[in-house]
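Visitor: I would like to learn how to read the packing of helices and strands in a model. Please show me one.

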Amino acid sequence: MSNNNKPAVVVTRWWWVRHAPVRSDGGNIYGQFDIECDTGDREVFEAVAKILPRSAAWYASNLQRTHQTAEAIWATGFPRPASMAREAAFAEQNLGKWQGMNRAAFLASRPPGSHWFAAIDEPAPGGESFMDLYNRTCNAIQRITAAEAGRDVIAVGHGGTIKAAVGLALGGLPERGLAFDIDNCSVTRLDHFAAGDRSVWRLPMVNQQPWMADAAHAAMHQPAGPEVVQTKLA
């Protein structure tokens with residue numbers, strides 16, 4: 001028997017795109033520094049454009065590298081939206097006094113196997129903790145999901161922002177979200193299902209890289225946080 005009182009399911013699909021690689025950081029931590037990115041690999045953006053929905057609401061952080069990435073996608077012939085909302089809550093973590101420090105030297109000073117710059121509740125001196133980033137990102141996601149219910153949402157963000165979104169989709173587990181790699185220009189889709197007062201997230205794809213059939217584009221990999229470099233044994 002059908003249940004006519006069953007609430008309709010509203011699906012809001014989030015398509016997260018991490019910004020293109022930063023080449024001018026000098027090997028230093030840049031966090032919320034408003035630094036430009038390299039959008040020269042057109043084939044990468046053509047591949048990304050092929051899998052993104054055409055009728056979506058667009059959002060990006062307030063940092064220029066996300067806007068440059070969106071422009072590179074539109075430059076492939078992807079239909080330019082009428083507008084793209086600037087969402088400061090989607091900015092990368094403010095890493096305070098760590099910004100400008102040599103990345104390799106900093107990571108060498110941290111515990112081995114760390115997924116991020118510090119424990120999730122440890123703020124950078126003069127900056128934020130990952131939990132600060134997580135909370136502001138989640139608040140914005142919840143607000144936008146309500147405003148754009150039933151639509152596709154394309155959000156151009158940062159490694160930390162997208163890891164926070166994955167942590168939310170995993171049931172509010174930010175530390176588990178940090179365990180995922182988020183490469184430059186990769187696409188992560190998180191679907192929000194709501195029916196009445198119930199809601200749930202699904203993760204159809206994380207860190208999808210549609211250009212990877214061609215090894216010439218391997219330079220798109222740029223760490224979105226600490227990573228362990230494996231060395232060959234003698």
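Guide: What follows goes through a pair of helices and then a sheet. This is a predicted model, where local features need pLDDT of at least 70, side-chain atom pairs count only at pLDDT 80 or more, and totals for chains, interfaces and linings use all residues. Residues are numbered from 1 along each chain as its sequence is written, and side-chain values use heavy atoms, with hydrogens and water left out.

Visitor: At what angle do helix H4 and helix H5 pack?

Guide: Helices (H or I, at least four residues) and strands (E, at least two) are DSSP runs, numbered from the N terminus. Axes are lines fitted to C-alpha atoms, for helices over the stretch in contact, and angles run from 0 to 180 degrees between N-to-C directions. H4 (residues 130–147) and H5 (residues 159–169) make an angle of about 70 degrees, and their axes are 9 Å apart. H4 is therefore roughly perpendicular to H5 (65 to 115 degrees).

Visitor: Which residues of H4 meet H5?

Guide: Contact means heavy atoms within 4.5 Å. On the H4 side they are Phe130, Leu133, Tyr134, Thr137, Cys138, Ile141 and Gln142. Their counterparts in H5 include Gly160, Ala164 and Leu168.

Visitor: What is the order of the strands in the open sheet?

Guide: Two strands pair if DSSP finds at least two bridges between them. The six strands run S3-S2-S4-S1-S5-S6, with mixed pairing. S3 (84–86) and S6 (198–208) are the edge strands, each pairing on one side only. Within the sheet, S2 (residues 56–60) and S4 (residues 152–157) run parallel, joined by five bridges. Tyr59 has Ala155 in S4 as its bridge partner.

Notes: Parallel < 35°, antiparallel > 145°, perpendicular 65-115°, else oblique.
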